[in-house]
Amino acid sequence: MASSSGPAGEVGVPSWHGGVGRVASGSPSEATPTGQRFPHTCRLTSRRQFLEVYDQGRKIRRPCFTIFGLANDLGRFRLGVTVTRRVGHAVTRNRIKRKLREAFRRQRERLSGSLDLVINANRSILEANPANLEHELFGAVTELVRRERPRT
């Protein structure tokens with residue numbers, strides 16, 4: 001009888017992927033076309049960046065989220081997403097963040113402007129239809145672009 005201490009893929013040894021070879025490496029270069037990525041340069045990453053958008057930006061409320069926007073001089077949109085513990089446990093919160101980033105990524109090409117955006121998800125986002133969520137997000141961002149003038 002085979003021991004489970006041997007390397008994965010040997011006969012009689014269980015492996016985490018059920019012995020089936022992987023088709024793709026999972027790297028971003030193989031998973032999505034170049035124009036469809038959500039690069040690090042399009043994200044708000046520090047607390048200071050989030051606070052600046054909250055303090056100086058404009059706010060729009062929607063049934064599933066509240067979005068804040070502040071003009072930037074970078075020539076591109078940057079996105080930050082927050083989901084509080086009241087919405088759900090960690091797995092649920094991370095799933096919501098992925099949904100919002102994906103909705104934004106899909107609409108990014110249709111948008112014109114240069115804003116830093118922060119989206120605060122509400123509990124009602126759990127029941128939201130992805131198509132409606134994408135439509136609401138696009139409408140809110142378009143409204144923020146109209147309202148916000150670039151800084152001089």
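**View 1. Packing of helices α3 and α4.** In this predicted model, helix α3 (residues 90-107) packs against helix α4 (residues 130-147) at an angle of about 60 degrees, the axes lying 9 Å apart. Axes are lines fitted to C-alpha atoms, for helices over the stretch in contact, and angles between N-to-C directions run from 0 to 180 degrees. Helices (H or I, at least four residues) and strands (E, at least two) are DSSP runs numbered from the N terminus. The contact (heavy atoms within 4.5 Å) involves L100, A103, F104, R106 and Q107 of α3 together with L133, E134, L137 and F138 of α4.

**View 2. The open sheet.** Four strands are arranged in the order β1-β2-β4-β3 with mixed pairing, where two strands pair if DSSP finds at least two bridges between them. β1 (58-61) and β3 (78-82) are the edge strands, each with a single partner, so one side of each has no neighbour in the sheet. On average, neighbouring strands are turned by 20 degrees against each other, direction ignored.

**View 3. Strands β3 and β4 with the helices on the sheet.** β3 pairs with β4 (residues 115-121) in the parallel sense over 5 bridges; the bridge partner of R78 in β4 is D116. α3 packs on the sheet and touches β3 and β4, its direction making about 155 degrees with that of β3. α4 also packs on the sheet, touching β1, β2 (65-71) and β4, and its direction makes about 35 degrees with that of β2.

**Notes.** Residues are numbered from 1 along each chain as its sequence is written. Local features need pLDDT of at least 70, side-chain atom pairs count only at pLDDT 80 or more, and totals for chains, interfaces and linings use all residues, while side-chain values use heavy atoms, leaving out hydrogens and water.
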